[in-house]
Amino acid sequence: MARGAVNIDLDRWAANVQRAPVLRVSGKVSKVVGLTVEVVGLSVPIGEVCDIIVPREPLPVKAEVVGFRDRVSLLMPLGDLKGVHPGCLVTPAGRRLTITIGEALLGEVLNGLGRPFSGKHIAGESFPVDNNPPNPLERPRIKEPLPTGIRAVDALLTCGRGQRLGIFAGSGVGKSVLLGMLCRYCASDVNVVALIGERGREVRDFLERHLGNSLAKSVVVVATSDQSALVRVRAAAVATAIAEYFRDRGHNVMFLMDSVTRFALAQREIGLAIGEPPTTRGYTPSVFAALPKLLERSGTNARGTITGFYSVLVEGDDMQEPIADAVRGILDGHIILSRELAEAGYYPAIDILQSNSRLMPDVTEEEHVRLAQKAKRLLGAYRKAEDLINIGAYVKGSGPLVDQALAVYPELINFLQQDQTEYCEFETTLSMFRQILGGDAD
């Protein structure tokens, strides 16, 4: 060391710098318009969480940056805006939304931001809510069936482990009951259920009547219809992140979301509030950009699987409405619930002829596929001749396929019906299916 040189302990100074509080630029509330809070003097990226300091309130109001207009930042609250007024200080948290996830989450019911309703402290690790879908070239192919315990699905719409299926239905057709059966009977390690925009009355009913004992291996995320649009949108991302956490630890996860339509409606509210132009039936372009980003996050990766069942609440039973049409193009199959069948007392009211599992040929034996195809041909032939049959105008021998359909139709319809408390093993389902259709399909 040269004469007069000063010995500086760089490690000590580096430690001091790390411990020093970071000075963050704050902004101020200038205006609240509908769902948005306009803030001046703030320069943070979209998606960052900010605290709105409200005088005489013990806790700040959490809000998220959703857009900009000129030099004004547009925020949407993750809670109640009670007490917020012009001039309230807004400080960025320096991070995007994260949640604490661990094995202790199993059996818990969480709010839309991932906090337990019970107030219980969950030990675990901080996990980001917004994640990218798995690399498409690193997704293992889906080759293994996932038994659901529901005969109509296992026999004719077989689902693969890691597949994504949509359940399309109008209101009051048995969608929630079907989701509950999937939770109770599906052969999964972990269930993650997202109730988005649900009626508050129906949450406890779903937990106790439909979910039942399977709650012990489930995590339920709830954002009821009275909560802000941003909370409803974030709840879908929170639930998906929880499913990703368990998948990345080698589990086979079943993810159920009810419903994609209410997620899309919430995203539309956000888009309209920040000035996005409405397009198809009032939906903003961001809705159709958000759907694939969310739905593509489920599926397989090198460690585990997420099998997704996404319900779509179709308006006026119109299966061609924009959200239903967009979701059907993204997912790997669709289950259509028919109001006509539901009103006739059939449960589950699955319209087999309109439904389809795109991966069924990849996850089942050739005989099973031939049986399913034969069953669909017979159901289709019966439906075409149904009016003639009902009025007694059909003459036996007029059509060989209709004659076959008449012979097996009562047994086949009885096979497809199933009480919500009834569980049927996969092999039992196949055995019954073979017996009805006469063994190997011709």
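The legends below describe close-up views of a predicted model. Local features need pLDDT of at least 70 and side-chain atom pairs count only at pLDDT 80 or more, while totals for chains, interfaces and linings use all residues. Residues are numbered from 1 along each chain as its sequence is written, and side-chain values use heavy atoms, with hydrogens and water left out.

**View A. A closed barrel is built from six strands.** The strands follow the order β1-β2-β5-β4-β3-β6, with antiparallel pairing; two strands pair if DSSP finds at least two bridges between them. Helices (H or I, at least four residues) and strands (E, at least two) are DSSP runs, numbered from the N terminus. Strand β1 (residues 27–33) and strand β2 (residues 36–40) run antiparallel and are joined by five bridges. Within this pair, Val-29 stands opposite Val-39 of β2.

**View B. The largest nonpolar core contains 62 residues.** A nonpolar core is a set of buried Ala, Val, Leu, Ile, Met, Phe, Trp, Tyr and Cys residues joined through side-chain atoms within 4.5 Å. Buried means under 20% relative accessible area, exposed over 50%, and partly exposed in between (1.4 Å probe, protein chains only). Among the residues with the most contacts inside this core are Ile-242, Phe-255 and Val-260. Helix α5 (residues 229–248) gives the most to the core, with 14 residues. Apart from it lies another core, of 60 residues, among them Leu-157 and Tyr-382. In soluble globular proteins, nonpolar side chains tend to be buried together.

**View C. Glu-244 is a buried residue of helix α5.** Its relative accessible area is 3%. Leaving aside neighbours within four places in sequence, Glu-244 is in contact (heavy atoms within 4.5 Å) with Phe-127, Asn-131, Arg-297 and Ile-306.

**View D. Ser-188 is found in the loop between α3 (175–185) and β11 (190–198).** Ser-188 is buried, with a relative accessible area of 11%. Beyond its neighbours within four places in sequence, Ser-188 is in contact with Lys-217, Asn-252 and Met-254. The C-alpha atoms of Ser-188 and Leu-146 are separated by 8.1 Å, although these residues are 42 residues apart along the chain.

**View E. Helix α6 (residues 260–273) has 14 residues.** The expected span of a helix is 1.5 Å times one less than its number of residues. For α6 this span is 20 Å, and the end C-alpha atoms are 20 Å apart, which agrees. The buried residues of α6 include Val-260, Phe-263, Gln-267 and Ile-270. After α6 comes Gly-275, whose phi is positive, near 95 degrees.
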